[in-house]
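Hi there,

Here is the structure I promised to pass on.

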Amino acid sequence: MTAAHLGGHAALVEDLYGRGLLDDTWRTVWDVVPRAPFIPRLAWRQTPTTCEPLTTEADRLALVHADEPVVIQLDDGKPDGPGIATSSNSQPSMVARMLRLLSVEDGHRVLEIGTASGYVAALLSRRLGDFAVFSVEVDPGLAHHAAAVLRAMGYRPNLACSDGEWGWPDQAPFDRILATCALRTIPHALVQQLHPDGILVAPMARDFWSGAVVQLVADGTGTAAGRFQGGASYMPMRSHRAPTPLPVDTTTCRTATAAVDPRELLNLGFALYAGTRLPRVRMVHADQDDGAQVWLQDEDGCAATAVTGEDAYEYGVRNLWQEVERAHEEYVALGSPEARDFGLTVTARGQQVWLHHPERIIEPAPVSEPAM
């Protein structure tokens, strides 16, 4: 927790401004839109392994006034679930960063995908006016909460309870679209609802290790393109949640020499490259005292795992660890590009990740299977 929480909302805003995340206009907006009223009484702190309920008002305010996310829903609001976070009020520095990428100007009409607590809708309403802000939320309980708090705080943006994947076609076109939930792919419906030169900012749920924020500009012909702008951790849109992979057949376990330290796989540039070369392969990792462990798995149950300083193990009909090492070798040969060197183009036919220039498209790699 940062020291900003000790000074409350004003100190949090001052901290964001001092870090260059807010310009003078946005600082004025943030000063008069406190975060606390938008956080439900029932809320949680996300830890690496669980969600801890905020049981006292002091704990609640300390977290609200810190540069940390606040979980506002578990298990899609269903009782007696496993306690998985399904909605949050995002980390303030991430909100500020996303709004900066949105590049709003006076007179712009903005669509927000994922109202959640209503806080971002309030910030946009204060900046642009209620009439210019449109926000959709798929969860009825969250939509009701957001509408009530926004009204109580004096804001009247245009709200709808619907699946944000489809945008708000009846109110299109928009100058800006902001997604506050992670997308596996950019729905073309959102691109179609942008004005020419309109901007879409969205976090994407990459399978490899980390999320990535993309900033796209529409050309008015149904195409939008732009670069990735660093990492972000957002909860996925409900209709974009990753499918559950098939079980791994552990009887196929075999050893593979690990020529690459798993720690070298844990950067966003490689995640974007490998996630494109090896589609539908996910990677999770765990930090070790002197290294890292990674677990790789595809949708068909093929898998691989490796720990720093040890051999790797592969399962199933793919040489998955060898495929990842090959992708890493390619990535290093390309100069180990950073996340901002990669971009995305979205058309009616789908989307393509590219490196440096839109013409330099990254294609999926062939699947490697064990020799018979």
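Predicted model: local features only at pLDDT ≥ 70, side-chain atom pairs only at ≥ 80, totals over all residues.

**Helix α9**

I'll start with α9, which covers residues 320-333 and has 14 residues. From its first C-alpha to its last, α9 reaches 20 Å, close to the 20 Å expected at 1.5 Å a residue. Just after the helix, Gly335 takes a positive phi of about 95°.

**α8 against α9**

The partner here is α8, residues 268-277, which packs with α9 at an angle of about 125°, their axes 10 Å apart. The crossing of α8 past α9 is right-handed. On the α8 side, the contact is made by Gly269, Phe270, Tyr273 and Arg277, and on the α9 side by Val324, Ala327, His328, Glu330 and Tyr331. By class, these residues divide into 5 nonpolar, 2 polar and 2 charged.

**α4 against α5**

Next come α4 (residues 92-102) and α5 (residues 119-128), which pack at about 45° with their axes 12 Å apart. That angle makes α4 oblique to α5, and their crossing is right-handed. Val95, Leu99 and Leu102 of α4 meet Val120, Leu123 and Leu124 of α5. What classes of residue make up this contact? There are 6 nonpolar residues, with no polar and no charged ones.

**α1 against α2**

Last, α1 (residues 8-18) and α2 (residues 24-31) pack at an angle of about 165°, and their axes lie 10 Å apart. Angles over 145 degrees count as roughly antiparallel, and α1 and α2 are therefore roughly antiparallel to each other. Their crossing is right-handed. From α1, the contact takes in His9, Val13, Glu14, Leu16 and Tyr17; from α2, Asp24, Arg27, Trp30 and Asp31. This contact has 4 nonpolar, 1 polar and 4 charged residues.

Best wishes

How values were computed
Residues numbered from 1 in each chain as written. Heavy atoms only, no water. Helix = DSSP H or I, 4+ residues; strand = E, 2+ residues; numbered from the N terminus. Expected span 1.5 Å × (residues − 1). Axes fitted to C-alpha atoms, helices over the stretch in contact; angles between N-to-C directions. Left-handed = near helix turned anticlockwise from the far one by under 90°. Contact = heavy atoms within 4.5 Å. Nonpolar A, V, L, I, M, F, W, Y, C, P; charged D, E, K, R; others polar. Parallel < 35°, antiparallel > 145°, perpendicular 65-115°, else oblique.
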